[in-house]
Amino acid sequence: MNQMKMEHVPGKARGKITLYALSTCGWCAKTKELLRELGVDHFYVFVDLLPPEELEEAIREVEKFNPAGSFPTLVINEGTRVIIGFREQEIREALG
Amino acid sequence: MSAAAPLTEEIQARYEKIKREAEEGGYHLNPDQAFTMNLVRGLLVNEQRYGYPSCPCRISFGKREEDLDIICPCDYRDPDLDEFNACYCALYVSDAILKKELSVGSIPERRPPRSERKAVLAGSSGRLTDMALPFPVWRCRVCGYLCARDTPPLVCPVCKATKDRFERFI
């Protein structure tokens, strides 16, 4: 199985941070902006832009951390902490 | 996915249309203009990709019959407006938010997870037992509009949802 392509945004080390997002979603955009503002090292992927053969795999991955399969899903350190939705305070506290 | 990005004029035109229809039906769009325009852009992108304007904040596999509940306005808008003062993507907001008595935030997903949705598609939705009525009664799953006629209308006269968004109610 090939690894889906993630964008890497370099920054301060706060553990492994992965954002699963949709390119069309307002809350995903706000979450992405917040990570940038916090300046933390992270990876993100716009799941809706993946080729169809990778889509199913990506959604299964999201469902593993968030059974609703909703976006944005922010996964910290392989699921030690998962933040679902644009929860600004929670994200700031976890990564600030 | 190769379709051209929607033009600013297209986004503006669709925004005006959605806003007009919303206000006519007693609904309100999010007053945060930049945020709302971005969602309308997302709706147009999805319409180009999938052939229908599915919710910009939900993933689609491009199968209309599996996405009927998330074609904007989605089946979850009204209960979310009642409980959280905004729909899931926050395109639609309540009076209180429009008047700035409350602020909009990210809300929990009301749509059931994939495994449960498939079960619902396979089974039939609960409905009252057949009564001796001269016409069946159809219910719009978006806004709850009811009408008694042989088939549902092509478009809901209240919220403009399409015929395939109706369910047999009685």
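In this predicted model, strand β3 of chain B, residues 137-140, is joined to β5(B) by 3 bridges, and the two strands run antiparallel. Chain B also meets chain A, with 23 residues of chain A in contact with 27 residues of chain B. The points below take the sheet and then the interface.

**The sheet in chain B**

- The open sheet has 3 strands in the order β4-β3-β5, with antiparallel pairing.
- β4 (146-148) and β5 (166-168) of chain B stand at the edges with a single partner strand each, so one side of each has no neighbour in the sheet.
- On average, neighbouring strands of this sheet are turned by 30° against each other, direction ignored.
- B:Cys140 has B:Phe166 in β5(B) as its bridge partner.

**Area buried between chain A and chain B**

- About 1900 Å² is buried between chain A and chain B, and carbon and sulfur atoms give 56% of this area.
- In chain A, the residues that lose the most area to chain B are A:Thr24, A:Trp27 and A:Asp48, together 32% of what that side buries.

**Polar and charged pairs across the interface**

- There are 3 salt bridges between chain A and chain B.
- A:Glu63 forms a salt bridge with B:Arg114, and their closest N and O atoms are 2.8 Å apart.

**The side of chain A that touches chain B**

- The elements giving two or more residues to this side are α1 (26-38) and α2 (52-65) of chain A.
- α2(A) gives the most, with 5 residues.
- By class, this side has 12 nonpolar, 5 polar and 6 charged residues.

Conventions. Residues are numbered from 1 along each chain as its sequence is written. Chains are lettered from A and ligands numbered from 1 in the order in which they are written. This is a predicted model: local features need pLDDT of at least 70, side-chain atom pairs count only at pLDDT 80 or more; totals for chains, interfaces and linings use all residues. Side-chain values use heavy atoms; hydrogens and water are left out. Two strands pair if DSSP finds at least two bridges between them. Helices (H or I, at least four residues) and strands (E, at least two) are DSSP runs, numbered from the N terminus. Axes are lines fitted to C-alpha atoms, for helices over the stretch in contact, and angles run from 0 to 180 degrees between N-to-C directions. Contact means heavy atoms within 4.5 Å. Buried area is the accessible area (1.4 Å probe) that two parts lose on being put together, summed over both. A salt bridge is a side-chain nitrogen of Lys or Arg within 4 Å of a carboxyl oxygen of Asp or Glu. Ala, Val, Leu, Ile, Met, Phe, Trp, Tyr, Cys and Pro count as nonpolar, Asp, Glu, Lys and Arg as charged, and the others, Gly among them, as polar.
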